[in-house]
Amino acid sequence: MLISFNWLTDYVKLPPSVTPEAVAEKLKLATVEVEKVTRQGENLENIVVGKILSAEKHPNADKLKLCQVDVGKEKLAIVCGGSNVAEGMLVAVAKVGARVVWHGEGDPVELQPVKIRGIESRGMICASDEIGLLDVFPKKDEKEIVELSSFNFKPGTPLAEALALDDTILEIDNKSLSNRPDLWGHFGLAREVAALFKGTLKKITAPKIKGGADMLTVKIQDQLACPRYMAVALNGVQIAPSPSWLQNRLRAVGLRPINNIVDVTNYILLDLGQPMHAFDRLKVKSLAYPAYRTDRRQAGKKSKAPTIVVRTAREGEEFITLDEQKRKLDSSMLLITNGEKNLAIAGVMGGLESGISPETTEIVLESANFNAASIRRTSTKLGLRTDSSARFEKSLDPNLCSLALAQAVALVQKLCPTARVVSRIVDEKKFHLFTGPLHIPREFFAKKLGTVIPAKSIVSSLGRLGFGVRESKTNFSVTIPSWRASKDVARAEDVVEEVARLYGYDNIPSVLPSFPINPPTEAKEHELERTLRDILVRELAYTESYNYSFVSLAEIKNIGDELGNYLELNNPISEERPYLRRNLLPNLLENIKSNNPERGELKLFEIGKVFRKNEQGESAAIKGNEFLPGQDSMLTLVVSSKDKTAPFWEARRAAERIFARLAIQWATKAADKVEPWEHPSRLTLIAAEGRVVGTLHEIHPRVSEAFGIEGRIGVFTLNLSALAEKELHHRATFKPISSFPEVKRDIAFIVDEKTSHADISDALQKIDPLLDRFELFDVFAGSAVPAGKKSMGYQFIFSSPERTLTNEEVARAEEKVIEMLAEKFGAAIRR
Amino acid sequence: MFDEITKKQVEAVAEIKAALDKTQLEKVETKWLGRKNGVMLEIMKELQKTVGEERKQFGQAANQLKQAIEQALREKHAELSEAAWSNLLAGERLDVTQPALPGATVGHYHPLTLVQRELEDLFTSMGFMVVDGPELESDYFNFTALNIPADHPARDMQDTLYIKDHPEWLMRTQTSPVQIRAMQKYGAPLRIVVPGKCFRNEATDARHEHTFYQLEGLVLDKGINFSHLKATLEAVAQHLYGPQTKMRLLPKFYPFVEPGVRGEVTCSLCAGQGCRVCKNSGWLEIFGAGLVHPNVLEAGGINPEKYQGFAFGFGLTRLVMLKYGINDVRLLESGSMKFLEQF
């Protein structure tokens with residue numbers, strides 16, 4: 001929202017030392033976000049009003065014109081590409097030396113004489129964004145230049161002087177105003193500024209309007225949606241341009257003047273924050289009462305009283321709004337009608353048919369209050385946000401309607417002395433605002449703020465903001481002004497905020513809280529995530545990736561998963577990725593794909609939540625037994641390389657290191673089911689202390705191919721939520737160091753290719769007390785071993801805690817091992 | 001005889017000095033001190049033949065000769081060793097400016113992880129517990145319990161991602177629902193931080209992301225007030241940006257706190273002088289905060305008459321962008337190695 005400082009200071013007296021910048025700073029610290037302070041006419045030196053004497057086509061360019069421009073003392077030849085340039089037009093001319101922003105982009109540059117397509121141009125005819133006046137002269141098309149013809153300016157007048165650009169404009173962030181319906185007009189903001197600076201606020205008293213004899217009635221069908229509706233009819237109206245003071249006011253805050261009546265409604269909106277609407281009374285009536293037009297002399301006598309009906313729209317009803325758009329309505333939307341024809345979408349936009357036209361002579365002025373939620377829903381559904389809907393959706397004070405209507409009537413009559421009020425002033429209302437009093441214990445302020453604000457200061461702050469305060473020994477009794485009661489102030493805490501922000505957050509001391517020393521509860525899953533990141537990044541050189549929680553249909557198809565397993569967004573940001581990931585893999589495969597052309601080998605991982613509709617997650621409400629879908633925290637790591645087996649082993653290496661670091665017992669476990677993205681013969685489940693917590697596998701080549709990835713991909717997935725649930729207190733334990741020497745024997749066996757290390761390992765457990773441990777150190781197949789066989793090299797370590805072993809003892813134990821392996825696995829020693 | 005010995009001494013020392021390498025020196029040594037037919041051996045044989053005073057004088061001279069030879073040999077040995085080392089080492093020269101090859105492969109933490117850890121470590125050192133919650137939330141926890149009424153704009157489809165066929169489910173728009181879950185689970189007093197992923201229905205570009213990360217905090221105890229909020233967040237700001245950092249609080253509306261503020265710190269890039277990053281204001285907004293609204297405490301099962309608290313939220317995504325000067329927010333979830341390996 002744009003605020004004119006001149007307009008603001010019409011209402012609040014500030015010491016001359018208080019600059020617009022100071023007001024902006026104070027507002028920022030105590031009330032709302034001020035995004036920008038712009039002094040009008042800044043950088044307008046050497047820019048003057050010019051009159052186009054002639055505009056010929058440029059001999060060397062189709063879209064350029066060669067203009068002779070009268071700029072007072074001299075005539076300049078200027079080349080211009082403006083879409084609306086024409087002979088006789090008054091324009092803004094930047095002379096050589098002026099500072100302009102080329103095409104409205106970048107920093108201002110000093111204008112030099114230039115040759116454009118061979119012809120010298122000694123200045124520039126400006127578009128509004130080239131001279132920082134876009135707010136004042138909004139552009140309709142890209143190449144539109146500022147047209148000043150409607151003003152009676154003398155060529156050569158400096159533009160700043162001609163346009164009376166002596167104002168300063170504050171740009172306020174609308175979002176920061178969302179809970180302050182009272183600040184959506186200049187008067188309301190002036191009231192706030194007066195409170196902040198202890199300035200004097202000019203009082204507005206509603207002028208008395210004398211009603212006329214014409215009948216005008218209002219019927220509200222939904223009082224909740226429309227708590228108040230005021231209307232009055234005037235005739236003798238003459239549509240004309242507004243006087244320049246009004247035009248300047250509107251332009252200063254970015255509105256285009258239209259005509260006196262529309263400008264009045266806009267002025268009131270910007271002044272008081274109350275949206276107004278003006279209907280053409282004749283059109284309103286003639287639509288509803290066809291007889292009226294043919295017998296106008298008897299108007300008001302014979303015909304029925306013109307009635308405004310506020311009702312909800314019918315499903316699918318159509319309506320053409322002022323902007324000439326056909327809108328499709330539904331039953332949640334509120335309409336203003338005359339009983340038969342629709343006049344406006346309540347609080348959002350008027351209709352094209354009933355709008356003010358140059359021929360209008362009679363009007364009905366509307367000043368109403370609509371339910372915020374209803375307006376917001378309507379405006380959202382229609383995709384139509386207006387200055388009016390933006391205000392109504394903040395919950396305006398219904399009391400504002402009467403002041404606004406009186407001011408509007410007075411202003412119409414001032415601009416158009418022939419206008420006369422001809423109807424009674426209709427005021428249908430039913431609303432209640434809670435205005436207190438709130439009884440707030442005196443110590444409540446200190447309890448909330450941690451500092452004692454003197455009672456005098458509390459009373460004064462609240463008083464300046466319009467609150468009523470009565471003090472007793474124990475309490476402040478606070479009444480809430482109606483303009484603050486419609487939304488944001490309803491309880492003691494809200495009042496504390498008012499006092500605190502006026503006192504200044506900077507003035508509240510900083511005091512660190514003191515707490516008992518109780519160690520925080522252990523966050524196991526979180527600790528686990530941290531440890532795994534450290535192992536993977538620091539020890540194993542993996543890179544951590546973060547991905548979206550959403551996947552595409554193509555990705556789901558590419559990994560071969562069932563679409564039915566997926567939760568879907570109702571309103572996805574991109575149609576491409578509407579599904580919630582139930583596996584971290586697809587996104588990681590995309591990561592590999594996008595990095596692969598440049599990097600042969602990749603080691604990536606992600607830790608994040610997956611969403612599984614068939615699993616039960618946390619509760620969805622405090623009571624009841626509804627649950628959210630399962631959202632386990634997962635680790636997935638991927639290793640990609642062109643090597644045929646390395647990726648799998650690298651992934652397994654990571655699994656080994658992780659469990660070693662966590663000091664958790666683990667084992668592989670045959671998978672009872674193969675997922676479509678898993679390589680069926682390079683796949684195992686991983687169990688930690690008996691419970692399956694992960695999977696180790698290679699990606700099915702079909703899936704790699706679908707993702708467009710060359711080479712193999714090893715994957716290790718670990719369910720961290722499942723792992724964290726276990727009581728994992730296995731720490732490394734100390735074993736006394738034997739003082740007797742160990743005996744090491746390396747033996748390679750030829751076994752069937754399908755023999756597994758796990759089976760051999762199981763068989764070797766407790767085979768002989770002297771066999772302390774054993775390690776696989778080498779596996780190979782190929783030409784050195786018979787087809788269908790492989791060689792497995794083990795190192796066996798024999799020792800005793802009690803004595804040095806004899807050769808015979810070791811040989812006996814070794815023989816036992818060899819015999820057992822020969823018997824169980826047909827293992828032959830390779831010599 | 002003595003003259004003879006003196007001559008030999010001169011001769012021997014000259015020969016030793018003339019040796020060019022260790023092989024020659026060995027030959028010279030053998031010639032003079034050799035055990036089979038070294039010159040010295042011959043002299044000693046001569047010595048055997050003498051008696052009395054002559055023998056004594058002869059012995060002294062012979063001894064002197066031997067010592068002189070040994071001395072010269074030691075010196076020559078040292079000289080030759082030194083030269084040999086120099087030669088050898090000169091030939092072993094390495095280009096020390098060259099990096100070790102092949103380079104060690106190193107992993108990389110995601111920058112969001114790095115910044116999140118920095119904050120987590122600070123808060124846990126102050127006795128906060130790190131808590132997590134669901135990313136797919138219920139309307140109740142994400143909105144209703146946080147004092148966000150049914151018609152609040154935040155609930156619009158254009159701001160919130162909802163789940164198909166489950167009108168009560170949505171992707172959480174903030175980490176604040178975990179406040180309620182934690183209050184329910186742990187009660188008061190309570191000190192938690194909640195780092196996590198949040199979502200909003202927003203088209204992405206260099207400055208906007210539908211997926212972003214927050215770090216939420218909540219402190220509940222008897223007698224917690226605004227001055228505590230201020231000091232705690234000042235401590236955080238100074239931890240992040242250095243002890244000279246100033247912080248200021250400005251009013252901002254959030255339904256779940258009252259009063260609500262946003263926190264700005266002096267821009268760390270220009271030390272508050274004004275630059276492009278802080279849009280010439282000298283200040284950077286880095287968090288929102290406030291005293292927990294009584295309705296929120298009640299929703300969490302906490303008696304607002306007994307306990308008060310403050311809550312705050314940092315935009316981790318924003319902190320990361322500021323810290324590393326990242327110019328496109330989409331890079332954070334691009335999985336691009338060119339980006340990730342910079343951290």
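**Entry 1: chain A.** I began with two domain centres: the C-alpha centres of domain 1 and domain 6 of chain A lie 88 Å apart. I kept in mind that this is a predicted model. Then I looked up the bounds: domain 1 of chain A is made of 2-30 and 174-201, while domain 6 covers 743-829. The domain assignment also places domain 2 at 47-165 and domain 3 at 217-429.

**Entry 2: chain B overall.** I turned to chain B and found 11 helices and 10 strands. Its radius of gyration is 42 Å, well over the 20 Å that the globule rule gives for 343 residues, so chain B is more spread out than a compact globule. The C-alpha trace spans about 130 × 45 × 45 Å along its principal axes. I also noted that 44% of the residues in chain B are buried.

**Entry 3: the sheet.** Next I followed an open sheet of seven strands in chain B, ordered β1-β5-β6-β10-β9-β8-β7, with mixed pairing. Which strands stand at the edges? They are β1 (129-130) and β7 (247-251) of chain B; each has a single partner strand, so one side of each is left without a neighbour in the sheet. Inside chain B, I traced β8 (residues 257-266) and β9 (residues 283-292), which run antiparallel and are joined by eight bridges. One partner I looked up was that of B:G263, which is B:F287 in β9(B).

**Entry 4: helices across the sheet.** Helix α8 (residues 226-241) of chain B lies across β7, β8, β9 and β10, at about 150° to β9(B). I found helix α10 (residues 316-324) of chain B lying across β5, β6, β9 and β10, at about 45° to β10(B).

Key:
Residues are numbered from 1 along each chain as its sequence is written. Chains are lettered from A and ligands numbered from 1 in the order in which they are written. This is a predicted model: local features need pLDDT of at least 70, side-chain atom pairs count only at pLDDT 80 or more; totals for chains, interfaces and linings use all residues. Domain bounds come from an automatic or database domain assignment. Two strands pair if DSSP finds at least two bridges between them. Helices (H or I, at least four residues) and strands (E, at least two) are DSSP runs, numbered from the N terminus. Two residues are in contact if their C-beta atoms, placed from the backbone, lie within 7 Å. Axes are lines fitted to C-alpha atoms, for helices over the stretch in contact, and angles run from 0 to 180 degrees between N-to-C directions. The radius of gyration is taken over C-alpha atoms; the globule rule is 2.2 Å times the number of residues to the power 0.38. A residue is buried if 20 or more other C-beta atoms lie within 10 Å of its own, exposed if 12 or fewer, and partly exposed in between; C-beta atoms are placed from the backbone.
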